[in-house]
Amino acid sequence: MKYAGLLALPAGFFLTLAALILYPAPAPRAVFVVCGLLVEFVGLGVAVRGHMESRGGRL
Amino acid sequence: MIMPTSPLPVSLTESAFALTLALLFLAPLAIAGVALINTGLGRSRSAAQALLGNLAILTVAVLAFAILGATLAGSQPGAIGAAGLTFNLAGQPWNWVGTAPFLLTGLATSPAQAQLAVLFEFLAVALAAMLPWGSGADRLRLTAGLFIAGIIAALVFPFTAHWIWGGGWLGQLGVNFGLGKGFLDPGGAATVHALGGLGALAVVWIAGPRRGKFPKEGLSTAMPGHNAVYVLFGALLALVGWLAWNGAGSILWLHAPLSSLPVTALNTLLTAAGALAATYTVTRIRFGKPDASLCVNGWLTGLVASSASAAVLNSAQSIVVGVIAGIVTPLLVELFELALSIDDPSGAITVHGAGGLWGLLAVGLFASQPGQLVAQLVGIATLLGLVLPLFYLLFALLNRWVPFRVDSDGERIGMDLHELGGGAYPEFVIHRDESYR
């Protein structure tokens, strides 16, 4: 689960890059960049949750 | 197509050169302050290893950056061959890596601006490499800490430094995509603090918590720092370093006039003061009394946020940035420890990671130029989406070869005895784990 979250992080990053390339207009570009960041936050949340689940085996 | 490019060299007046050099001589006080804070927040039986680790990590980081990192960072705009590799995509150049001369060749004859920029980067990489060490306190082996520092200094920091300071694609977002003035990070909130904080998160995830930190039943075990005086004095020492750091950064990376330095210094102080006032208030309300270590964390978060904002925002905005940083810091520290099971003795993930990201975001929120917020968001997305997983991948591979975590016996007797053969305080009784419960 942690790895799935970590994989979502670069996916969000590439979304922000895509926003720069695909959308010259400011408004859609900004929305797309924010979407990329949201994907990253979801990925971070999943990675943190994966870390918490693995906690039991470490203590 | 890959083609070399180089940012335009900017000449400094003699007085600006002398002042920037003097500021860079004071900047290591920030490193000393952070080292003292990290040591004080750890346990007494690991104090010597912690402080020696800071010194050794600084050494490895500087050497690794000299051997490889400085070439990739490529911030010698006036030197022969100093350039960046660029590919074209969607009609725009993307400068992604520097190509400065190997082993700093030609630095002595390059323009003053270039020499100061390289010195700034050396200090920056030393501080960035130290941050994960504080988070791995009391269980991270010294050898692993040194390899981590080498990876940061040789492979990760150089790319971000080039992208932001060396004429790379993040710094050029304004020119190429009309996004304000491009990604702004004059004091290293991204390249030093957010990068180091995210590295700390990867290290903590891989190394795991300290033994007994999260028992199977009940709340996490409180493991307070062993020396509040180190921590508080480190915070005061760090202020001097930060004032110098932000001033030098504004001259080097924003080409700010010398007349703007007093306001930059004042904004640094106001951000830190606002943060401390907020953390003091929050911890007093929450716990009945102000918490010394959390107050230092708040103060430091304010300083970290000021690395991005002090040279860009006005004084009122700086106070707001500091107050928000100070309110969020104790809440985040608590969230990470109690809810997310992240054992971060130095608080680097909150202070440097979250604090750095907040400062970068604040620059975008308060900026008057259109597109500046988007430029800052792209930079933040790069740190979270590229740097963090890269850290985790590199550190996970390193952990297979050089195990991060000391064995349980080493953790029980303390890192000083286990790794150095002698304690930092040989005449004092060292507490056992049971005393924390």
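1. Chain A contains 2 helices and 0 strands. It should be kept in mind throughout that the model is predicted.

2. The overall form of chain A deserves attention. Its C-alpha atoms fill a box of roughly 50 × 15 × 10 Å along the principal axes. The radius of gyration of chain A is 15 Å, whereas a compact globule of 59 residues would have a value near 10 Å.

3. Of its 59 residues, 36% count as buried. Among the contacts in chain A with a separation of 6 or more, 67% are made by residues 24 or more positions apart.

4. The next matter is how chain A meets its neighbour. How many residues of chain A are in contact with chain B? There are 23 residues of chain A in contact with 25 residues of chain B. On the side of chain A that touches chain B, the elements giving two or more residues are α1 (2-22) and α2 (26-54) of chain A. The largest share comes from α2(A), which gives 12 residues. By class, this side of chain A has 15 nonpolar, 4 polar and 4 charged residues.

5. One helix pair across the two chains may be examined in detail. α1(A) packs with helix α13 (residues 372-401) of chain B at an angle of about 145°, and the two axes are 8 Å apart. The crossing of α1(A) past α13(B) is left-handed.

6. Which residues of α1(A) meet α13(B)? They are Leu6(A), Leu9(A), Pro10(A), Gly12(A), Phe13(A), Thr16(A) and Leu20(A). Sorted by class, the contact of α1(A) with α13(B) has 12 nonpolar and 4 polar residues, with no charged residues.

7. A last point concerns a hairpin in chain B. Strand β2 (residues 84-89) and strand β3 (residues 92-98) of chain B run antiparallel and are joined by 6 bridges. Within this pairing, Asn88(B) stands opposite Pro93(B) in β3(B). The hairpin has 2 residues between the strands, and Ala90(B) takes a positive phi near 55° there.

Notes. Residues numbered from 1 in each chain as written. Chains lettered and ligands numbered in written order. Predicted model: local features only at pLDDT ≥ 70, side-chain atom pairs only at ≥ 80, totals over all residues. Pairing = 2+ DSSP bridges. Helix = DSSP H or I, 4+ residues; strand = E, 2+ residues; numbered from the N terminus. Rg over C-alpha atoms; globule rule 2.2 N^0.38 Å. Buried ≥ 20, exposed ≤ 12 C-beta atoms within 10 Å, placed from the backbone. Contact = placed C-beta atoms within 7 Å. Nonpolar A, V, L, I, M, F, W, Y, C, P; charged D, E, K, R; others polar. Axes fitted to C-alpha atoms, helices over the stretch in contact; angles between N-to-C directions. Left-handed = near helix turned anticlockwise from the far one by under 90°.
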